[in-house]
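Please look over the model shown here. A short report on selected features follows.

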Amino acid sequence: MVNGTVIPVGSFGCLTVDYWKRSATNVLWAFLTHAHADHLQGLSDTWTGAPLYCSSATRELLLVRWPDFRAPLISLELDETVILRAATPYGHATVQVTPLNANHCLGAVMFLFEGPFGRVLHCGDFRWEQEYQKENLHPILTSAPLDVLYLDNTYAHPRCALLDDAFR
Ligand SMILES: [Zn+2]
């Protein structure tokens with residue numbers, strides 16, 4: 001089960017990744033790495049939280065599932081860095097975000113967030129393959145050190161037979 005991630009972006013608020021608990025406060029932007037069910041737990045077409053950002057393929061998948069999705073559903077282009085701004089009671093907050101191919105499933109991305117809080121990479125369900133990464137590693141990932149790396153290690157738990165079988 002994916003619990004999602006809350007990432008503070010300074011004193012103004014936070015952004016979330018694959019996190020759909022309505023009790024979260026001061027969420028300025030919500031990001032979805034991909035449309036697998038374990039990353040959608042808590043999300044529905046009645047979502048009225050922060051604007052939701054994802055890849056264009058994930059956006060299309062969500063709209064097939066929930067044609068009447070209520071909240072702003074904004075697609076980001078792969079490998080394109082954008083700056084998002086949000087007004088808060090204390091001033092404007094900004095974050096720079098770059099979605100990168102996660103090599104996982106249709107529309108799956110990692111998100112690189114940059115701002116006064118540092119450089120933060122959220123990997124979602126990325127799949128590491130040495131040959132793939134040699135040819136496709138985006139230079140932005142190696143242009144500067146990361147301050148924080150979020151890895152989903154759900155299946156690294158000893159209870160998961162999946163890993164046991166895969167590495168025998
Ligand atoms: Zn997945």
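Patches are made of residues with over 30% relative accessible area and no salt bridge, where like charges are joined within 9 Å and nonpolar side chains (Val, Leu, Ile, Met, Phe, Trp, Tyr) within 5 Å. A salt bridge is a side-chain nitrogen of Lys or Arg within 4 Å of a carboxyl oxygen of Asp or Glu. Accessible areas come from the Shrake-Rupley method with a 1.4 Å probe, and for residues only the protein chains shown count as cover.

This is a predicted model: local features need pLDDT of at least 70, side-chain atom pairs count only at pLDDT 80 or more, and totals for chains, interfaces and linings use all residues. Residues are numbered from 1 along each chain as its sequence is written, and side-chain values use heavy atoms, with hydrogens and water left out.

**Surface patch**

L146, L149 and L151 make a nonpolar surface patch of about 260 Å². L151 sits in the loop between β10 (148-150) and α3 (161-166). Helices (H or I, at least four residues) and strands (E, at least two) are DSSP runs, numbered from the N terminus.

**Zinc site**

Which protein donors hold the zinc ion? They are H34 (NE2), H36 (ND1), H104 (NE2) and D125 (OD), lying 2.1 to 2.4 Å from the ion. Donors are N, O and S atoms within 2.8 Å of the metal (3.2 Å for Na, K and Ca); water is not among the atoms, so sites may look incomplete. Along the chain the donor spacing reads H-x1-H-x67-H-x20-D. H34 lies in the loop between β3 and β4 (52-55), and H104 in the loop between β7 (91-101) and β8 (109-115), so this pair ties together parts that are 70 residues apart in sequence. The angles among the four donor atoms run from 91 to 162 degrees, and the site is irregular.

**Positive phi**

Two loop residues other than glycine have positive phi. N26, near 55 degrees, is in the loop between β2 (14-17) and β3 (27-31). D79, near 70 degrees, is in the loop between β5 (73-76) and β6 (82-88).

**Exposure**

Buried means under 20% relative accessible area, exposed over 50%, and partly exposed in between (1.4 Å probe, protein chains only).

| Residue | Relative accessible area | Class |
|---|---|---|
| H34 | 0% | buried |
| H104 | 27% | partly exposed |
| D79 | 38% | partly exposed |
| L151 | 51% | exposed |
| N26 | 53% | exposed |

Definitions and conventions
Tetrahedral: all angles 85-135°; square planar, octahedral: opposite > 155°, others 65-115°.
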